[in-house]
Amino acid sequence: QVQLVESGGGSVQAGGSLRLSCVVSGRTFSSYDMAWFRQAPGKEREGVAAINWNGGMTYYPDSVKGRFTISRDHIKNTMYLEMNSLKPEDTAVYYCAGRASQAYTISRPYDPADYTYWGQGTQVTVPS
């Protein structure tokens, strides 16, 4: 049974920073593609970062490029999302997701339907 547990959310002023963590149980974390998604009230879930199984490929949409950094630690079975220069529009529940890797690159890094495992989510609030 694979479990993903996020932590690190909270409330931060605009321009501030947060680091989210996602601990993955199981022995096959190093073979998973991983991603961070977010969902704001009334909006669809959107991908904000993805990383391939060995960390060699990372993906960011324009909305967060240059502000967010995804990384992974195979010793700790943990994925991270460093978020800087936070904006009110970044307010959402953030989810980590994973799937067994199929190739070196991720063909659809931001498609939620492609991910098998999900965490319970952690709230990030940036007041306007």
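Predicted model: local features only at pLDDT ≥ 70, side-chain atom pairs only at ≥ 80, totals over all residues.
Good morning. I begin with R38, which, leaving out residues up to four places away in sequence, touches E44, R45, E46, V48, S63, V64, F68, E89, D90, A92, V93 and Y94. R38 is found in strand β4, residues 32–39. Is this arginine buried or exposed? Its relative accessible area is 6%, so R38 is buried. Two polar contacts of its side chain deserve mention. One is with the side chain of D90, at 2.8 Å, and another is with the side chain of Y94, at 3.0 Å.

R19 is found in strand β3, residues 18–24. With a relative accessibility of 47%, R19 counts as partly exposed. If neighbours within four places in sequence are set aside, R19 is in contact with S7, G8, Y80, L81 and E82. As for N84, the C-alpha atoms of R19 and N84 are 8.6 Å apart in space, while the two residues are 65 apart in sequence.

Strand β4 is mostly covered, with seven of its eight residues buried. Which strands pair with β4? On β9, the pairing is antiparallel and extends over eight bridges. With β5, the strand β4 again runs antiparallel, and five bridges join the two. M34 illustrates both pairings: M34 stands opposite G98 in β9, and its bridge partner in β5 is I51. The strands β4 and β5 form a hairpin with six residues between them. In that turn, G42 has a positive phi of about 80 degrees.

I move now to the nonpolar interior. In soluble globular proteins, nonpolar side chains tend to be buried together. Here, the largest nonpolar core has 28 residues, and those with the most contacts inside it are M34, W36, M79, L81, M83 and Y94. Which elements give two or more residues to this core? They are β3, β4, β5 (46–51), β7 (68–73), β8 (78–83) and β9 (92–100). The largest share, four residues, comes from β3. Consider L81 as an example from this core. Not counting residues up to four places away in sequence, L81 touches L18, R19, L20, W36, V48, A49, F68, T69, I70 and Y94. Apart from this core lies another, of seven residues, among them F37, A50, Y59 and A97.

How many disulfides does the structure hold? There is one. C22 and C96 form it, with their sulfur atoms 2.1 Å apart. The link of C22 and C96 is right-handed, with 60 degrees about the S-S bond. The pair links distant parts of the chain, as C22 is in strand β3 and C96 is in strand β9, 74 residues apart. Both ends are covered: C22 counts as buried at 0% relative accessibility, and C96 is buried, with a relative accessible area of 0%.

Finally, the aromatic residues. A search of the whole structure finds four aromatic pairs. One of them is formed by F37 and W118; it is tilted, at 5.0 Å centre to centre and 50 degrees between the planes. This pair links distant parts of the chain, with F37 in strand β4 and W118 in strand β10, residues 117–118, 81 residues apart. F37 is buried, with a relative accessible area of 0%, whereas W118 counts as partly exposed at 27%. Another pair, W53 with Y104, is edge-to-face, at 6.4 Å centre to centre and 85 degrees between the planes. Why does this pair tie together parts that are 51 residues apart in sequence? It does so because W53 lies in the loop between β5 and β6 (58–59), and Y104 lies in the loop between β9 and β10. W53 is partly exposed, with a relative accessible area of 32%, and Y104 counts as partly exposed at 42%. Ring pairs also link F37, Y115 and W118 into a cluster.

To close, I return to β4. This strand holds R38 and F37, and it pairs with β9 and with β5. Thank you.

Definitions and conventions. Residues numbered from 1 in each chain as written. Heavy atoms only, no water. Buried < 20%, exposed > 50% of the residue type's maximum accessible area, 1.4 Å probe, protein only. Polar contact = N/O pair within 3.5 Å; in protein donor to acceptor, adjacent residues only side chain to side chain. Contact = heavy atoms within 4.5 Å. Core = buried A, V, L, I, M, F, W, Y, C linked by side-chain atoms within 4.5 Å. Pairing = 2+ DSSP bridges. Disulfide = S-S within 2.5 Å. Phe/Tyr/Trp six-rings, centres within 6.5 Å; stacked < 30°, edge-to-face > 60°.
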